[in-house]
Amino acid sequence: MRSIWNGAISFGLVSIPIKLVNATENHSISFRQIHTEDGGRIRYRKVCELEDREVSQSEIGKGYEDADGTIIPITDEDLSHLPLPTAKTIEIVAFVPTDRIDPLQMDAAYYLQAGGAPAAKPYTLLREALKRSNKVAITKYALRGRERLGMLRVVGEAIAMHGLLWPDEVRAPEGVAPDTDVTVRDKELDLADALMDTLGEVDLEDLHDEYREAVEEVVAAKAAGETPPESPSAAPSGKVLDLMAALENSVRAAKESRGEPTGREKAEVRQLPDRKTARTAPKQTGGKKSTSTAKKTAASAKKATKTTEPAKKSASTSRSSTASTSKSTASKKTAATSKSTTKKTAAKKTTARKRSA
């Protein structure tokens, strides 16, 4: 990898020669500006305003524009003599725990490459010291015409440096959070936790730039004279009226995407039929159920017939009996009942005497 800066790490009195290498690369697709009528390239030419002519890169230098519009030329030699210890040195100023660094401050990332064999021992010493301390090193360095803040940490077997914004360059989140009072219920938090657990973790290596792949497909189709693929219609987005329903649907969708059971049968809400309609229009059933129902109905009818026949016989017998016979029968039943009651009372008394003896 090509280095973009050469210098040294100042670790107390220890100096470690290093080379600064970009740790990231940009894979985004870049477009050229063209003339839409004929497809000609649109180019920007660097022209000197005083001479009204195009100049080459070797003729271009730096200049600072003063408040009155005056241009003050600044050369690389002028910048190389800046009275700063960080002009060619990454100066370590402190070691702090990782959680002391606000991610909002993190900027570009670089790898620090040991500058030759003499740098191997001090480089390894600093790397192992960072590992054992579980801390990061806060540094100051100068790059591209300005002094910057940095953070050193261990990545694999290398030392990486993240450029950091100065604290006064990070804006406070004023006016960003909702200014209305909102109450979040425990059930809503439980569903949010369930959604987080369902989504789970992800291997960052599995993530890729789908937008770039789609653009590449469009470019390939246009180059082959084919019709570019159409994007699928996006799901309609609307206002969330029921937060609980939205969370439940999100959990269910996440489980379905992972092939997990969703319990849709339990969560599904079905509309009950109208009572009047259910009475007047009974539910139709299949053939087997209809046959069994018919059998049960026939059996019930037979039982009802058997019960009715004795009742009819009893009714005819009672009608044929005379009033005198009814009175005689009633008096006999009363006498029998009285005798039975007397016998039961005597038996209870005899039992009680035996128990007391």
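**View 1. Strands β2 and β8 meet at Val21 and Tyr111.** In this predicted model, Val21 has Tyr111 of strand β8 as its bridge partner. The two strands involved are β2, covering residues 14–22, and β8, covering residues 106–114, and they pair in the antiparallel sense over five bridges. Both belong to a closed barrel of seven strands with mixed pairing, which runs in the order β1-β2-β8-β11-β10-β9-β7. The chain as a whole has nine helices and 11 strands.

**View 2. Thr139 lies buried in strand β9.** Thr139 belongs to strand β9, which spans residues 135–143, and it counts as buried because its relative accessibility is 0%. Leaving aside residues up to four places away in sequence, Thr139 touches Ile90, Glu91, Ile92 and Val93, together with Arg148, Leu149, Gly150, Met151, Leu152 and Met161. For the chain overall, buried residues make up 15% of the 357 residues.

**View 3. A nonpolar surface patch includes Val184.** Val182, Val184 and Leu189 make a nonpolar surface patch of about 270 Å². Val184 is found in the loop between β11, residues 158–164, and helix α3, residues 186–199, and with a relative accessible area of 48% it is partly exposed. The chain exposes about 29,700 Å² in total, of which carbon and sulfur atoms supply 54%.

**View 4. Arg185 and Glu188 form a salt bridge.** The side chains of Arg185 and Glu188 meet in a salt bridge, with a distance of 3.4 Å from N to O. Arg185 counts as partly exposed at 47% relative accessibility, whereas Glu188 counts as buried at 11%.

View 5. The side chains of Glu216 and Arg212 meet in a salt bridge of 3.2 Å, N to O. The two residues are separated by about one helical turn, because they lie four residues apart in helix α4, which covers residues 210–223. Glu216 is partly exposed, with a relative accessible area of 38%, and Arg212 is likewise partly exposed, with a value of 23%.

View 6. Side chains of opposite charge can pair when their charged atoms come close. Glu51 and Arg53 meet through their side chains in a salt bridge of 2.3 Å, N to O; Glu51 is partly exposed at 49% relative accessibility, and Arg53 is partly exposed with a relative accessible area of 35%. Elsewhere, Arg127, Glu128, Lys131 and Glu157 are linked in a network of salt bridges. The count of salt bridges comes to 11.

Methods
Residues numbered from 1 in each chain as written. Predicted model: local features only at pLDDT ≥ 70, side-chain atom pairs only at ≥ 80, totals over all residues. Heavy atoms only, no water. Buried < 20%, exposed > 50% of the residue type's maximum accessible area, 1.4 Å probe, protein only. Areas by Shrake-Rupley, 256 points an atom, 1.4 Å probe, with all protein chains shown as cover. Pairing = 2+ DSSP bridges. Contact = heavy atoms within 4.5 Å. Patch = residues over 30% accessible without salt bridge, like charges linked within 9 Å, V, L, I, M, F, W, Y side chains within 5 Å. Salt bridge = Lys/Arg side-chain N within 4 Å of Asp/Glu carboxyl O.
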